[in-house]
Amino acid sequence: MPETTPSADAPNREPKRVEALLRAKLSQLAAEESSLAVAAPEPGTQVQYGKRAGDHVAEAADRMARSRTAGELEKLVDQVMAALTKLEVGTYGICEQCGRAIPEGRLEALPWATRCVDCQSKQRR
Ligand SMILES: [Zn+2]
């Protein structure tokens with residue numbers, strides 16, 4: 001008779017699945033980063049004043065709103081990389097601040113979380 005077995009689909013008990021998730025996220029971020037580089041307006045680019053300049057600005061603003069900033073992307077990449085390293089050394093799913101286990105629900109929603117909700121919210125304050 002098995003005792004209370006932890007659910008098999010808990011992410012931190014399936015390192016292969018978590019690794020796949022994290023690597024997929026990494027390549028997605030890399031793609032975002034390169035599209036960001038392309039989308040960045042070059043200084044000194046000639047704006048075609050004869051045409052409808054307003055459209056051009058609106059288009060650029062729209063692009064900005066849709067994509068993350070380079071800084072945000074970099075932070076996310078760092079986090080995903082850190083999670084991958086933790087996975088390797090076997091500390092994945094443990095809060096790096098307080099050392100407690102990060103709740104599985106949080107890891108499910110945010111597989112690259114390196115802190116529990118408590119520590120994360122304390123840091124933002
Ligand atoms: Zn914590």
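pLDDT is the predictor's confidence in each residue, from 0 to 100, and two residues are in contact if their C-beta atoms, placed from the backbone, lie within 7 Å. Over residues 7–11 pLDDT stays under 50, and the model has eight contacts for them beyond four places in sequence.

This is a predicted model, in which local features need pLDDT of at least 70, side-chain atom pairs count only at pLDDT 80 or more, and totals for chains, interfaces and linings use all residues. Residues are numbered from 1 along each chain as its sequence is written.

The protein chain averages a pLDDT of 80, and 65% of the residues score at least 70. Confidence is lowest and highest in the following helices.

| Confidence | Helix | Mean pLDDT |
|---|---|---|
| Lowest | α2 (residues 53–66) | 63 |
| Highest | α3 | 93 |

The protein chain contains five helices and zero strands; helices (H or I, at least four residues) and strands (E, at least two) are DSSP runs, numbered from the N terminus. Of the contacts with a separation of 6 or more, 62% join residues 24 or more positions apart.

Helix α3 (residues 70–89) has 20 residues and reaches 29 Å from its first C-alpha to its last, close to the 28 Å expected, that is, 1.5 Å times one less than its number of residues. Gly90, with a positive phi near 85°, follows α3.

Pro15 is found in helix α1 (residues 15–39). Its C-alpha lies 8.7 Å from that of Glu88, 73 residues away in sequence. Pro15 counts as partly exposed because it has 14 C-beta neighbours inside 10 Å; a residue is buried with 20 or more other C-beta atoms within 10 Å of its own, exposed with 12 or fewer, and partly exposed in between, C-beta atoms being placed from the backbone. Buried residues make up 12% of the 125 residues in the protein chain.
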